[in-house]
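Dear colleague,

Please find below the structure that I am handing over to you.

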Amino acid sequence: DPDSVSFCVLAMDEEFECDIALQIHFTLIQSFCFDNDISIVRVSDMQRLAEIVGDKAEQHEDAHCVLITV
């Protein structure tokens, strides 16, 4: 439910700039957020994203985006 999302944290890792599928994924996420008035916070990489959301298990290898809900 987009109404329960406060903001989106999106990891923009330079390592994946050449991955076209991932860039399309990012574009779709950003479009979803724009269409639903959800603010986007961009972070430098997936490790920083894991630090922000408190992923102590260090399982951030596939986490590019987190939607923070209320």
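In what follows, buried means under 20% relative accessible area and exposed means over 50%, with partly exposed in between (1.4 Å probe, protein chains only). Helices (H or I, at least four residues) and strands (E, at least two) are DSSP runs, numbered from the N terminus.

This is a predicted model, in which local features need pLDDT of at least 70 and side-chain atom pairs count only at pLDDT 80 or more, while totals for chains, interfaces and linings use all residues. Residues are numbered from 1 along each chain as its sequence is written, and side-chain values use heavy atoms, with hydrogens and water left out.

I begin with the helix α1. Four of its residues, Leu22, Phe26, Ile29 and Cys33, are buried. They lie on the same side of α1 because they cover an arc of only 65° around the axis (taken from the directions from the helix axis to the C-beta atoms). An α-helix has 3.6 residues a turn, so residues three or four places apart point the same way. Ile20, Ala21, Leu28, Phe34 and Asp35, on the other side of α1, are exposed. The cover over the buried residues includes β1, β2 (39-43) and β3 (65-69).

At the start of this helix, the backbone nitrogen of alanine 21 has a side-chain oxygen of aspartate 19 within 3.2 Å. After α1 comes aspartate 37, with a positive phi near 55°.

Finally, the cysteines. How many disulfides does a search of the whole structure find? The search finds 0 (a disulfide being a pair of cysteine sulfur atoms within 2.5 Å). For cysteine 8, the closest cysteine sulfur is in cysteine 65, at 3.3 Å, which is too far for a bond. Cysteine 33 is likewise in no disulfide, the nearest cysteine sulfur being that of cysteine 8, 4.0 Å away. Cysteine 8 is buried, at a relative accessible area of 0%, and cysteine 33 is buried with a relative accessible area of 0%.

Yours sincerely

How values were computed. Contact = heavy atoms within 4.5 Å. Polar contact = N/O pair within 3.5 Å; in protein donor to acceptor, adjacent residues only side chain to side chain.
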